[in-house]
Amino acid sequence: MKSVSTEQKHQIGVLTLTLITAALFMTLRNMPMMAETGMKMIAFNIITIIAYLIPVALVSAELATGWPRNGVFHWVEAAFGTRLGFVAVWLQWSQSIFGITSIVAYVAASLAYAFDPSLGSNRYFIVSVVLAVYWAATIANFRGTKGSGLISTFAVSVGVLLPTVMLIGLGAIYVGTGNALQINTELTVKNLVPSIWETGNLVLFLSFIFGFVGVEVSASHAREVKNVHRTYPLAVFSAAAIGFVLTLMGGMAVSAILPAASIDQINGAMQAFSAFFSHFGLIWLTPVVAVLVALGAAGQVSTWIVGPVKGILAAGQAGNLPVWAQKVNSQGVPTNLLLLQASLISLIAMSFLVVEDVNTAFLILTSIAVLIYSLMYALMYAAAIRLRYSHPEVERAYKVPGGKIGIWIVAGIGLLASAACFAIGFIPPVLGGLSITSFELMMVAGVVSVTVIPFIVFAFRRSGWLR
C-alpha cells in the first residue's frame, strides 16, 4: 500500500478554488424549482442569504483559516472530540452520496434533450447514464486534485456559467421585447411574501437552501491552496456572490416563459431553453445547450466525488476507519473509498427503477440529503461557537466580526436555519405513486441509519487502524 501523504503541493489559486467551490453548489437544476414560487423567489432568496449563505460562508471561512486541515472533521473534532468529528464528516459524506445521485440524474435528463426529450422520464435511460457518468468521473478523479480542478474549471465555465448567462440573456430579450410573461408580477403582499402555512412553499424553499449547500466542502482542499488564509475566504465569498446573483436571475428568466404548473423538477432548465429557442426560431440550439448543461452537471459531480471523500479519509487516518479504506495512490487519492462511494451510488441509483415516477425519486433523494446535511451543519455551527471559547489562542486569518456576540448571532442563525430545514424535510412534496406514510418512513429510515453507522464504526475501532 502506498504511504499516506499528509502534505500536498500548494497548487490551487483563487480562480481555481472559486470555480471548484462554485461547482459544488451552482447548477441550473435549481432555477426551475425557484421559478415555481413566482415572485416569492425574491423573498426566498433574501431569506436564503440571511439564514444560510452568510452564516455558512462566514463560519466556514473562520474555521478553514484557523484549522486548515480537511474541513469539517477537524473543525468538529477540535471542538467536541474525535467521535463527533467523525460523525460530522460521515454525515457530510453520506449526504453527498444521495445528493450526487440526484445530480447525475439531472445530467441524464439534460442529455436526453440532445436526442429525445421523452428519454428524460425513462427510468432505464436515467439509471444507465447515472452509472456510466459516475464511474467515468470516479476514474478521472484517480489522477488527483490537479485533474479534478481542471475538470471543474472547464465544466463550470462552459457547462454552467455560459448556459446561465445565455438563459438570463434570452429572458432579458424576451421581456424587453414586450412578450407576455408567465409569471404574475403584481406587487402585492400575497404575491411577494411566502406563507408559512402553505406546505408547498416550504418544500420548495428547501430547493433554495439546497441550491447553495456545499460551500464549506472546498475546505477539504485547504492544504493544497496557495496562501490559504487569504485565498480561501476570498474564493468562498466570490463563489457565493456569483452563485446567488446568477441563480436568482436564472430563476426569473425561467418564470418569464414557463407557467409554474408546467415546470418539471428535473427537466425545467431545458424546458425553458427549448421554449426560448422555439420563440426566437433557434430550435437547432437545443441539443447543443443540452450537451453543455449535461457537461456542467457532470463537472459538478466530479467536484463532489473528491471533496467529501478527502474529509472521510482524514477521519480514517486518525484511526476511525480500517486500513483498506485509507489506501491512497501516488496522487494521494483514496481509491478504495472512491470505489466504495461509486458502488453505493450505483445501488442508490436503482431507486429510479423501483419508484415509478422519475421526479418522485429525484425529490426523495434530495429530501434525504437535506435532512442529513442539516444535522452536519448544526454540528459545524456549534463547533464554531465552542472553539471561540475553548481555543481563543488559535490564529484565524478571518474571523466572524463582532467578537463572541457576533459568532453567537451568525452561528445561531445558522443553527435555527438547520433546525427549520430538518423539520421541513419531513414534509412530503407532491409525490407520484407514493403515499405520505411511505415517504415519512423513508426519511426516518434514511436519517437513522446514516446517523447510527458512524457511532457503531467508532465503537469498533482498532489500534491498528491508526496510520
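Glutamate 62 has a relative accessibility of 1% and therefore counts as buried, a term that means under 20% relative accessible area, with exposed being over 50% and partly exposed in between (1.4 Å probe, protein chains only). The model is predicted, so that local features need pLDDT of at least 70 and side-chain atom pairs count only at pLDDT 80 or more, while totals for chains, interfaces and linings use all residues. Residues are numbered from 1 along each chain as its sequence is written, and side-chain values use heavy atoms, with hydrogens and water left out.

The structure contains 2 salt bridges, each defined as a side-chain nitrogen of Lys or Arg within 4 Å of a carboxyl oxygen of Asp or Glu. In one of them, glutamate 62 pairs with arginine 388, and the closest N and O atoms are 2.9 Å apart. This pair links distant parts of the chain, 326 residues apart: glutamate 62 belongs to helix H3 (residues 40-66) and arginine 388 to helix H15 (residues 358-390). Helices here are DSSP runs of H or I with at least four residues, numbered from the N terminus. Arginine 388 is buried as well, at 5% relative accessibility.

Glutamate 62 also forms a salt bridge with arginine 396, at 3.2 Å from N to O. Because arginine 396 lies in the loop between H15 and helix H16 (403-424) and glutamate 62 in helix H3, the pair ties together parts that are 334 residues apart in sequence. Arginine 396 is buried, its relative accessible area being 7%. Through shared partners, the salt bridges join Glu62, Arg388 and Arg396 into one network.

Conventions. Helix = DSSP H or I, 4+ residues; strand = E, 2+ residues; numbered from the N terminus.
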